[in-house]
Amino acid sequence: MEIREQLEQIIDDAIRAACDSGSLELEQAPAASLERPRDEAHGDWASTVALRCARQLGKNPREVACAIIEALPANDLIDTVEIAGAGFINIRLKPAAYHRMLASICTLKGDYGKSEAPPEERFVNLEYVSANPTGPMHIGHGRWAALGDSMARVLRHAGYEVSQEFYVNDAGVQMDLFAQSVVCRYLQLNGQDVELIEKGYGGAYVTDIAQGILDRDGDTWLAVESEKRRDAFCEMAYGEMLQLMKDTLSRFGNNFDCWFSERSLYIDDAQGESPVSRALKAMEDKGHVYTKDGATWFRSSTFGDEKDRVLIKENGEFTYFMSDVAYHYDKLMRGFDRLINIWGADHHGYVKRCEAMLAAWGHPGTLEVVLGQLVNLFRGGEVVRMSKRTGEMVTFAELIDEVGVDSTRYLMLSRSSDQPIDFDIEVAKKKDASNPVYYVQYAHARICSILRKAVGLGEVDAASGDGPSMEGLADRLFAGTLDLSCLTDEAELTLMRKMGEFGELVADAARDRAPFRLTHYAQDLAALFHQFYVACRVLNDDEGLQAARLYLVNATRIVLAQTLALLGVSAPEKM
């Protein structure tokens, strides 16, 4: 068990003992429920259980706290306990508790900090990015790519089963406009005097696609009937853009379990039913669909939406919302307990109607929408609006090319999704402590250097790639019995306390869908390591002390590497 769970068990046992002795007369004792004090001077952990017990008993909380403390069983975790304020129980741990934690870290390695998800919502569908395949992804898509992937990693570490999904909007008006735009550019390249259609796509990439068709097929498409030509160009352009998205996201470290095509929603199966028809029938069977003015409506206002929504227009066309209805019904039929969608802030008005459709099927609260704010791009403090290469928007792929995956990911995750991000390209490229990802990665590389020196390997060996892995070095260093009781310096204890927060941090970040907290944790842990390294000489003449401090250093390496891994950022062994 984690230290927190062990402490809660000890306090629960103390409350039961106090009840058995008659000191407390509780019909049902509340759980200890420990939390971190806001001020570290108040101890390592705090509990309000005495205040909650006092309400039941009608007693003074401090008197209740005294009874609980007096009944604490003998244990090797708690150093001191004190009553603070109205009746808070503050606990400070013995160093030995953290020494055992170090052993747990070095034994579990990448599994350290894992937990169990609530069984009722363990199977999660996480849909994100889901950009239209009508052009290159912009930097906002890059933020959702980083957020979605890191969220999936954090959820999995917290015990969830996560399926990452990209919804490909490959049907509807925008695809038609995209296809017609490529046709226009193709005709222009063949010398025809035609205007780009209204609301068409005017980016240089559209001309590039048309030029590719011309280079491969020549002018053969001029003789093809216009509708067939448009359909063919749509497939070619769509395929090229979708592959570009897949390639860019793969470079960024995103691995989607499912690329779901919107078109598939309208394809009949062997029984002659499509996902759209099944979803519509499910709503009709529940009595939530009606006809008015020739259109088919969903009674979304019954479930908290501001008004009812059209599913099928008067002319028989399905609305975009009908596609969403069918898509989310399909997700439900695939057996997911929780549906999480990451959308841009401009979709705020769309949330209620989507929540309503899940409620209409009898699954209220199943859908969870995470709205993300924009990314403002800067270069040395100056706003960047255009790409130097194309004179248009800076694409996600161009940002990766210039800045790199690690810095882009880390900085995209540095703030909560409900806050805008000011992303400065020059800061992201810096190789010094002003760049937070460099600062954290440098701490990891420095630890690896210390471990190499401890076994007599130099940086030349590291640069050449010769020698054992870091895990191999650890096995060599810590083959025998270790005495960690000498790790009592305040810098050592502070570093260990921070590592002790990792498990609860991951669980909380998973619960709140907030992987950005890991960036702050990584920076704090790196800073505490640097402070420890200055205050406590690791490689020294005291063989026992050196071995213990190297063990602490190695545990820090493991937690730092795991934190970076949950962010999708590499942990370099040399820099």
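## Charges over rings

The charged end of Lys292 sits over the ring of Trp297, 5.8 Å from the ring centre. Here a charge sits over a ring if NZ of Lys or CZ of Arg is within 6 Å of the ring centre and within 35 degrees of the ring normal. Arg409 lies over the face of Phe252, at 4.9 Å from the ring centre.

This is a predicted model: local features need pLDDT of at least 70, side-chain atom pairs count only at pLDDT 80 or more, and totals for chains, interfaces and linings use all residues. Residues are numbered from 1 along each chain as its sequence is written, and side-chain values use heavy atoms, with hydrogens and water left out.

## Aromatic pairs

The structure holds 27 aromatic pairs. Rings of Phe, Tyr and Trp (its six-membered ring) pair if their centres lie within 6.5 Å; planes under 30 degrees apart count as stacked, over 60 as edge-to-face and the rest as tilted. Phe166 and Trp259 are stacked, at 4.5 Å centre to centre and 25 degrees between the planes. Phe166 lies in strand E5 (residues 161-168) and Trp259 in strand E6 (residues 258-261), so the pair ties together parts that are 93 residues apart in sequence. Helices (H or I, at least four residues) and strands (E, at least two) are DSSP runs, numbered from the N terminus.

Phe166 is buried, with a relative accessible area of 0%. Trp259 counts as partly exposed, at 28%. Buried means under 20% relative accessible area, exposed over 50%, partly exposed in between (1.4 Å probe, protein chains only).

The rings of Trp221 and Phe233 have their centres 5.5 Å apart and their planes at 80 degrees, so this pair is edge-to-face. Trp221 is in the loop between H7 and H8, and Phe233 is in helix H8, twelve residues apart. Phe233 is buried, with a relative accessible area of 0%. One aromatic cluster is formed by Phe298, Phe303, Tyr320, Phe321, Trp343 and Tyr350.

## Helix H6

Helix H6 (residues 173-189) has 17 residues. From first C-alpha to last it reaches 25 Å, close to the 24 Å expected at 1.5 Å a residue. That expected span is 1.5 Å times one less than the number of residues.

The buried residues of H6 include Met175, Leu177, Phe178 and Cys184. Their cover includes helix H7 (204-217) and helix H8 (226-251). Gly191 follows H6, with a positive phi near 85 degrees.

## Strands

An open sheet of three strands has the order E13-E12-E14, with mixed pairing. Strand E13 (382-383) and strand E14 (421-424) stand at the edges, each with a single partner strand, so one side of each is left without a neighbour in the sheet. Strand E12 (residues 375-379) pairs with E14 in the parallel sense over four bridges. Two strands pair if DSSP finds at least two bridges between them. Asn376 stands opposite Asp422 in E14.

Elsewhere, Thr296 is in strand E8 (residues 295-298). Thr296 counts as buried, at 16% relative accessibility. Leaving aside neighbours within four places in sequence, its contacts (heavy atoms within 4.5 Å) are Val289, Tyr290, Thr291, Arg309, Val310, Leu311 and Ile312.

## Cysteines

The structure holds zero disulfides. A disulfide is a pair of cysteine sulfur atoms within 2.5 Å. The sulfur of Cys234 is 14 Å from the closest cysteine sulfur, in Cys184, too far for a bond. Cys234 is buried, with a relative accessible area of 9%.

For Cys354, the closest cysteine sulfur is in Cys258, 18 Å away and too far for a bond. Cys354 counts as buried, at 0% relative accessibility.
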